[in-house]
Amino acid sequence: MGVEFDKDLVKQSSDRIEKLGLSKSAQIILGDIMEQDYSSADVITVYLLPMSNDKVRPILERQLKKGTRIVAHDFEFSGWTAEKVQHIEDDGEGRSHTLYLYRR
Ligand SMILES: C[S@@+](CC[C@H](N)C(=O)[O-])C[C@H]1O[C@@H](n2cnc3c(N)ncnc32)[C@H](O)[C@@H]1O
């Protein structure tokens with residue numbers, strides 16, 4: 001389940017999910033990440049700017065069950081210590097990425 005409040009990105013992601021044949025297992029909704037229930041999640045991935053990470057962090061701290069993994073893309077969560085950091089120099093399209101793995 002993905003959450004995004006930009007309509008165009010929701011459409012773009014939904015089209016991609018369909019094209020990849022993943023409609024049965026993946027879905028994007030138009031919504032606010034600050035208003036979701038994450039209590040049943042096993043894995044959360046975020047690609048948010050630091051200010052949004054700071055805003056969603058207390059919600060995740062309140063709701064996530066113990067052991068849930070959180071993967072942050074490019075921007076780490078302040079106040080949390082990553083269990084693993086992985087840098088990808090080139091994703092095949094010339095972009096580099098850093099992934100931060102946290103566990104509650
Ligand atoms: C760093 S950008 C990532 C852009 C895009 N997802 C990508 O993969 O290139 C952060 C994204 O989070 C979305 N976002 C920020 N705050 C949000 C919120 N409260 N609820 C839903 N989406 C939010 C923005 O619309 C933006 O698309």
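Q: Is F77 buried or exposed?
A: F77 is buried, at a relative accessible area of 1%; buried means under 20% relative accessible area, with a 1.4 Å probe and protein chains only. Bear in mind that this is a predicted model, where local features need pLDDT of at least 70, side-chain atom pairs count only at pLDDT 80 or more, and totals for chains, interfaces and linings use all residues. Residues are numbered from 1 along each chain as its sequence is written, and side-chain values use heavy atoms, leaving out hydrogens and water.

Q: Which aromatic pair does F77 form with Y102?
A: An edge-to-face one, 5.6 Å centre to centre with 85 degrees between the planes. Rings of Phe, Tyr and Trp (its six-membered ring) pair if their centres lie within 6.5 Å; planes under 30 degrees apart count as stacked, over 60 as edge-to-face and the rest as tilted.

Q: And what parts does that pair tie together?
A: F77 sits in the loop between β4 (69–73) and β5 (84–88), and Y102 in strand β6 (residues 97–103), so the pair links parts 25 residues apart in sequence. Strands here are DSSP runs of E, at least two residues, and helices are runs of H or I, at least four, numbered from the N terminus.

Q: Is Y102 buried or exposed?
A: Y102 is buried, at 2% relative accessibility.

Q: Switching topic, where is V56?
A: V56 is in helix α2 (residues 50–63), and it is buried, with a relative accessible area of 2%.

Q: What does V56 touch?
A: Beyond neighbours within four places in sequence, V56 is in contact (heavy atoms within 4.5 Å) with I33, M34, L48 and F77.

How values were computed: Buried < 20%, exposed > 50% of the residue type's maximum accessible area, 1.4 Å probe, protein only.
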